[in-house]
Amino acid sequence: MATCGGIGFTVSSLAAELHGFPHRNRNLKTVDSLFDPTNTTYLEGVGFSAVLFLIVGIILTVFVCIYLCVRACCCQGDPDSNKRRGCNPIFMIGCVALACGGLILGYYGNEFTRDGVIGVADAVVSANGTITSANNRVNDITRNLTGSERLLGRFQLEIGNSTLPDPVKNRVNTEARQAQREVGGAAEQSGEISTSLSDIPDVAKYDDDIRKYDDWRWKATIGGLCFFLLILLVAILSVICKSVCFLQLNAFLALVALILAWLCGGVFIAVGVLGGDFCVDPNGYAERVASNSSREQIVYITRCGNCSNPFESDFNRARESIRSAEDSVTNITVLLNVTQPDNYTEQALMTLDELSINLRGVDVTLVNLFSQDINCTSLNTDYNSILTAACSKTLDGAVFTFSGCFVIGVMFVLLVVSMQLYWTRLRDEGLGFSPETFKMRRRHNDY
């Protein structure tokens with residue numbers, strides 16, 4: 001668990017296993033498995049997993065073909081032709097049944113992946129909402145502080161026009177200038193908080209891209225699985241009808257599907273390895289790609305716990321300035337209340353009341369900003385939601401889909417060979433529906 005004294009993200013055993021998969025470049029030399037999608041050498045290492053899967057698929061195809069051909073040669077001397085005829089159909093039905101199991105794995109993995117990707121997109125929206133809420137509160141603070149400065153300027157004009165004794169005016173103006181300095185200081189700290197927030201990467205722009213990618217990925221996967229299902233249905237129909245034409249057509253389509261299954265499996269295992277490399281240390285990657293200006297904020301968001309809050313010093317200084325300004329307003333109110341009021345003094349007191357409400361509003365907004373938006377809990381919750389969706393559901397879905405493609409690929413290897421053997425027997429024995437069998441039957445009838 002990668003933590004910073006508290007909340008963190010637990011690395012799944014699946015991610016650790018995928019991360020441990022061999023990473024080799026085109027020269028078969030081991031490369032660093034540290035997640036870095038911008039590094040071509042690293043991407044070669046990830047691609048090695050796909051290439052290795054394709055090599056295993058090719059070897060498996062060759063060995064199974066050799067085995068079945070040898071098996072077929074051994075069976076040709078069997079006098080029990082019915083047994084020979086029954087061998088391939090039963091075997092084909094078994095392959096179809098197992099391939100359907102692979103389809104179920106593929107469908108399940110596809111839906112699981114979709115749930116994960118949508119979860120990532122939703123978490124991105126939530127994170128953007130947290131940052132937007134923080135920016136809105138900072139804007140409210142800035143607007144209220146600007147209004148406070150304007151109220152202080154109006155107050156000084158009203159005091160200047162009043163009939164207060166000069167010593168009282170001087171003391172009031174001194175406090176008013178102090179309040180202005182403090183309000184200006186709070187505005188400066190608010191600007192620092194706004195700058196720190198703007199340094200956090202904008203994740204909202206990825207929301208539409210994530211959803212569009214997943215929509216196309218989901219449709220393509222469903223299309224491929226439906227194509228596989230169609231071939232399996234034709235295979236069953238071919239066995240039922242004993243149609244050589246259907247068998248020959250289905251064998252060709254199954255060969256195409258076989259290639260597609262191996263390719264899809266290679267893509268999904270590569271995606272799984274890529275996800276595993278990311279999920280074993282997502283915090284490290286986020287901190288590596290962060291700019292110098294945003295690194296402190298990123299570390300705080302990703303690791304949380306007892307890490308120092310990069311916004312805390314600006315927040316504390318802003319609150320101190322606001323409280324000092326409120327103290328000055330209180331001192332001015334006391335001075336004015338012990339003097340003989342005139343019309344301008346009464347207007348000044350009304351301005352002070354408005355100013356006091358403004359400053360209290362700023363203080364409350366500051367507290368809410370710190371406790372609800374720019375604290376560790378809310379930001380880290382959004383971040384961990386993204387990791388949970390990406391490294392649990394999405395990664396698991398990719399592995400399930402890969403497993404489905406592997407099962408389908410193996411079953412289609414067996415189907416291609418068994419269909420070829422079956423239509424050969426049907427043709428040689430004059431059974432089934434094909435031009436050759438019709439000719440054989442016609443010659444037999446003529447005879």
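Predicted model: local features only at pLDDT ≥ 70, side-chain atom pairs only at ≥ 80, totals over all residues.

Visitor: How many helices and strands does the protein have?

Guide: The protein has 12 helices and 2 strands. These are DSSP runs numbered from the N terminus: helices are H or I with at least four residues, strands are E with at least two. Along the sequence the pattern reads β-β-α-α-α-α-α-α-α-α-α-α-α-α.

Visitor: What share of the residues is buried?

Guide: Of the 447 residues, 45% count as buried. Buried means under 20% relative accessible area, exposed over 50%, and partly exposed in between, with a 1.4 Å probe and protein chains only.

Visitor: And the contacts? What fraction comes from residues 24 or more positions apart?

Guide: Among contacts with a separation of 6 or more, 82% are between residues 24 or more positions apart. Contact means heavy atoms within 4.5 Å.

Visitor: On to helices. At what angle do H4 and H9 pack?

Guide: About 160 degrees, with the axes 8 Å apart. H4 covers residues 166-199 and H9 covers residues 312-337. That angle makes H4 roughly antiparallel to H9. The cut-offs are under 35 degrees for roughly parallel, over 145 for roughly antiparallel, 65 to 115 for roughly perpendicular, and oblique for the rest. Axes are lines fitted to C-alpha atoms, for helices over the stretch in contact, and angles run from 0 to 180 degrees between N-to-C directions.

Visitor: Left-handed or right-handed crossing?

Guide: H4 passes H9 in a left-handed crossing. Left-handed means the near helix is turned anticlockwise from the far one by less than a right angle; clockwise is right-handed.

Visitor: Which residues does Ser321 touch?

Guide: Ser321 lies in helix H9. Ser321 touches Glu182, Gly185 and Ala186, leaving out residues up to four places away in sequence. Ser321 counts as buried, at 10% relative accessibility.

Visitor: New topic. How many aromatic pairs are there?

Guide: A search of the whole structure gives 14 aromatic pairs. Rings of Phe, Tyr and Trp (its six-membered ring) pair if their centres lie within 6.5 Å; planes under 30 degrees apart are stacked, over 60 edge-to-face, the rest tilted. In one of them, Phe53 and Trp262 are edge-to-face, at 5.5 Å centre to centre and 65 degrees between the planes. Phe53 is in H2 (residues 40-75) and Trp262 in H6 (residues 244-279), 209 residues apart.

Visitor: How far apart are the ring centres of Phe53 and Phe402?

Guide: They are 5.0 Å apart, with planes at 65 degrees, so this pair is edge-to-face. Phe402 sits in helix H11 (residues 376-428), 349 residues from Phe53. Phe53 and Phe402 are buried, and Trp262 is buried too.

Visitor: Which residues form an aromatic cluster?

Guide: Phe35, Tyr42, Phe278 and Tyr285 form one.

Visitor: Now the loops. What is phi for Leu28?

Guide: Near 65 degrees, a positive value in a residue other than glycine. Most residues other than glycine have a negative phi. Leu28 lies in the loop between H1 (13-19) and H2, and counts as exposed at 53% relative accessibility.

Visitor: Last one: where is Asn161?

Guide: In the loop between H3 (81-160) and H4. Asn161 is partly exposed, with a relative accessible area of 47%. Its C-alpha atom is 8.7 Å from that of Thr345, 184 residues apart along the chain.

Notes. Residues numbered from 1 in each chain as written. Heavy atoms only, no water.
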